Amino acid sequence: MCTQDAFQAQRSQLVGLLVSGSLEGFESVLDWLLSWEVLSWEDYEGLSLPGQPLSRLARRLLDTVWNKGTWGCEQLVAAVREAQTDCQAPELSSCWDPHSPHPARDLQSHRPAIVRRLYSHVEGVLDLAWEHGFISQYECDEIRLPIFTSSQRARRLLDLATVKANGLAAFLLRHVQELPVPLALPFEDTACKKYMSKLRSTISAQSRFLSTYDGAENLCLEEIYTENVLEIRTEAGLAEPLQKSPATLGLKELFSSPGRLTDDADTLLVVGEAGSGKSTLLQRLHLLWASGSDFQEFLFVFPFSCRQLQCVAKPLSVRTLLFEHCCWPDLGQQDVFQFLLDHPNRVLLTFDGFDEFRFRFSDRERHCSPTDPTSVQTLLCNLLQGNLLKNARKVLTSRPAAVSALLRKCLRLELCLKGFSEEGIELYLRKCHREPGVADRLVRLLKATSALHGLCHLPVVSWMVSRCHRELLWCGGGSPKTTTDLYLLILQHFLLHASPADSVPCGLGSGLLRGRLPSLLRLGWLAVCGLGKCLKNLFGSLVYVIFLSSAPFSNLFILPFVSLRDNNISDRGVCKLAEHAMHCQQLQKLALFNNKLTDGCAHSLARLLACKRNFLALRLGNNHITAAGAQVLAEGLRANASLQFLGLWGNKVGDEGAQALAEALGDHQSHWDIRNPGVNSLPETPPGLKTLTPDSPFGFSIWGRGARGLILRAVIFRSKCYPINRIFSLVLASLEENHLQDEGVCSLAKGLERNSSLKVLKLSNNYITYLGAEALLRALERNDTILEVWLRGNTFSPEEIERLGQRDTRLLL
Ligand code: ADP
């Protein structure tokens, strides 16, 4: 028994049900409710306003029936059930008296059956009604507006008969009775069936093989496809709270997820960077449909590529688009097209690569006629907005940069393609290398090379890595270890593929690169320009510029990467980079650790430090910089007011270098108000060096005695005129193993007394004695912020450890 309370409790489910299908489903629910007189004519008019979002209409319907009490609610549930059944039944059994004295009332009470009988003959009936003078030409044209499906036209004709007291109702009641009963469901129609099967076999042939990025190979999609992570993007305020955040979807759930942006919009957008797998995802969707494995709610799927569409210069209609640019129906074109228009909810259109479409999305030109031609841009924009083929699902893919706020307005759901998960990378590589042991080796190597592994989430990089690995195996070389190795290999591969068979020496190797030096230099130049202009938000380091074999240079694909570490980069490379970086506003950080840098690049880097006013981080760990280089760097540092991270771990700057850097730090106060040294006058997060971690490549880090000199020097400089907050604006200072001894700790302690940001101070293994610890204890008496001082591995006796521990529990001994 459906009480009003139970009805209210199911409200969101009912809204979901009413909007899940198409407008057609909703309107057939209204047909039933009208025929049972649950809805009055006024109710009905208020619920069939054109242009209203379906979700709003559905909610209004629920309010209307709820106001009618328990009976109304029960009838609604019954109507939903009837509407679901009657879309599967070939014919609704219903008979009416064709000569009824109350034709308008009978039209209404048999409405569901009459709509069903009328809809495939509506054009002829309209002509007849006009010839008999029951309706005007204007009314005919109104009903025939191309935005309406055949069943909507049938309903509009019945609606007109209800309000027109001129015999139209009696005419329809009589005439519809004579119309042939449809023998079977419309999609059993031969022409439609033939078209469906032609479409399936065409798409199956097109989607079975995945052509690799270089066009050199065709892989069986079924065997190579690896699930890609699809995240749902929500608009704050518009979306309902998500169960898990960020919410993810499997490909097969693509259409079952409720609209999160606009309920009654038809378009789903899949956004992803170049190479993230957008085209492959669509190809998989097409194959699953064509092979009958999934997405069978669609009878027709029409795949389009935006790159190809934009070449269509002539005006085109929806009909031309579907038939001439996708699949031609060999039989009954008109019937097939009419079927598509009448059953838009059984149709799926996919548009790949909106970013390659040279036109921007616009809603300026409205076009609603599926048969009238217009420009390809207007056609696509109107399809996406639902002005054309309303209720047909559309899936659009694009790189993020081409997605405008205007486009987002017509989206049902936006999904972000995140690439392979950790497991996905491994699974993919195993699919690529099925020979025993090969994949194991590659996975192991990759995991040990974090710079490459991190990039492999992008499917195209996984493919490149796998490809290079195979090339190198064939040549008997090792695996690529750096992104540069990878770049050069890929480049050689493309060169080889792009060259006529007899024009280049066989196989990969430096000869191949040398032979194409001018082209390579031009590519390199493009890459550098790309970096200079910061084509992407993140300043990349290595840029892959890949040209497709068929059209060298016409299809550049640029991938910047997040770090330059581990890349065998020499001084020459870094000098060039520093020169360009100088002019790149967005560039604020350079990670260059583990390369081949010597003092030879110090002048360029010093100039970068001195001139680039917003520079934040320079990571030079594990290179070959000596005291001379450090002294040059110190000059740059002296003029710099922005740097927050300086990494010099693993170099050989020695005492002299450290001293120079310390002095530079000491002078590094131009932006500090040293005339007013009170703690309270400090900005909350003062600019300047914020991290001091000698044991990590991410900090100001010099090992050994040099470090001690440096730290002491810096501390002393501060303690003379200013508390050491300059350094200790950080919350953690890691100064372990630095030969600080008591002298250093006493200086630190002085600074600590006035420090109000540091929480953890790590001083393990620093040759500190009880004397140094006492100085720390005195400082701690005045310092409430600090939570832990690590003092393990210093020179305390067991008794001293016990005593110190009792005096302040914050000392970790
Ligand atoms: P996008 O369209 O986003 O630029 P693609 O779909 O063309 O990216 O993917 C680039 C390459 O990455 C493909 O040619 C294929 O080799 C590989 N790839 C992408 N997605 C997958 C996937 N899900 N499974 C296996 N390989 C994939």
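A contact here means heavy atoms within 4.5 Å. Keep that in mind as you select Leu157, which touches Leu118, Val125, Leu126, Ile143, Leu168 and Leu172, leaving aside residues up to four places away in sequence.

Before going on, a word on what is loaded. This is a predicted model, in which local features need pLDDT of at least 70 and side-chain atom pairs count only at pLDDT 80 or more, while totals for chains, interfaces and linings use all residues. Residues are numbered from 1 along each chain as its sequence is written, and side-chain values use heavy atoms, with hydrogens and water left out.

**The whole chain**

Zoom out and colour by secondary structure: the protein chain has 35 helices and 18 strands. Helices (H or I, at least four residues) and strands (E, at least two) are DSSP runs, numbered from the N terminus. Of the 813 residues, 53% count as buried; buried means under 20% relative accessible area, exposed over 50%, and partly exposed in between (1.4 Å probe, protein chains only). The accessible surface comes to about 36800 Å², and carbon and sulfur atoms hold 53% of that. Such areas come from the Shrake-Rupley method with a 1.4 Å probe, and for residues only the protein chains shown count as cover. Among contacts in the chain with a separation of 6 or more, 75% join residues 24 or more positions apart.

Return to Leu157, a member of helix 11 (residues 150–163). Its relative accessible area is 0%, so Leu157 is buried.

Not counting residues up to four places away in sequence, Ser150 touches Tyr119, Val122, Gln338 and Asp342.

Next, pick Pro180, in the loop between helix 12 (168–178) and helix 13 (190–207). With residues up to four places away in sequence left out, Pro180 touches Arg117 and His121. Pro180 and His121 are 59 residues apart in sequence, with 9.3 Å from C-alpha to C-alpha.

**The ligand**

Centre the view on the ligand. Which residues come nearest to the ligand? Of the 19 around it, they are Thr226, Gly275, Lys278, Ser279 and Thr280, where a residue counts as near if one of its heavy atoms lies within 4 Å.

Show the polar contacts, pairs of N or O atoms within 3.5 Å; within protein, one must be able to donate a hydrogen and the other to accept it, and residues adjacent in sequence count only if both atoms are side-chain atoms.

- Gly277: a backbone N or O atom lies 3.0 Å from a ligand oxygen atom.
- Lys278: an N or O atom of the side chain is 2.8 Å from a ligand oxygen atom.
- Thr280: an N or O atom of the side chain is 2.6 Å from a ligand oxygen atom.

On its own the ligand has 550 Å² of accessible area, and the protein covers 94% of this. Strand 1 (209–211), helix 15 (278–290) and helix 24 (459–475) are the elements that give two or more residues to the shell. Coloured by type, the shell divides into 10 nonpolar, 7 polar and 2 charged residues. In this scheme Ala, Val, Leu, Ile, Met, Phe, Trp, Tyr, Cys and Pro count as nonpolar, Asp, Glu, Lys and Arg as charged, and the others, Gly among them, as polar.

**Two positive phi angles**

Most residues other than glycine have a negative phi. Leu389 has a positive phi near 45 degrees and sits between helix 19 (376–385) and strand 8 (393–398). Leu389 counts as buried, at 10% relative accessibility.

Asn765 also has a positive phi, of about 55 degrees, in the loop between strand 16 (760–762) and helix 34 (770–781). Is Asn765 buried or partly exposed? Its relative accessible area is 34%, so Asn765 is partly exposed.

**Helices 29 and 30**

Finish with helix 29 (residues 602–611), where Ala602, Ser604, Leu605, Ala606, Leu608 and Leu609 are buried. What covers them includes helix 28 (571–581), strand 12 (589–591), strand 13 (617–619) and helix 30. Move on to helix 30 (residues 627–638), whose buried residues include Ala627, Val632 and Leu637.
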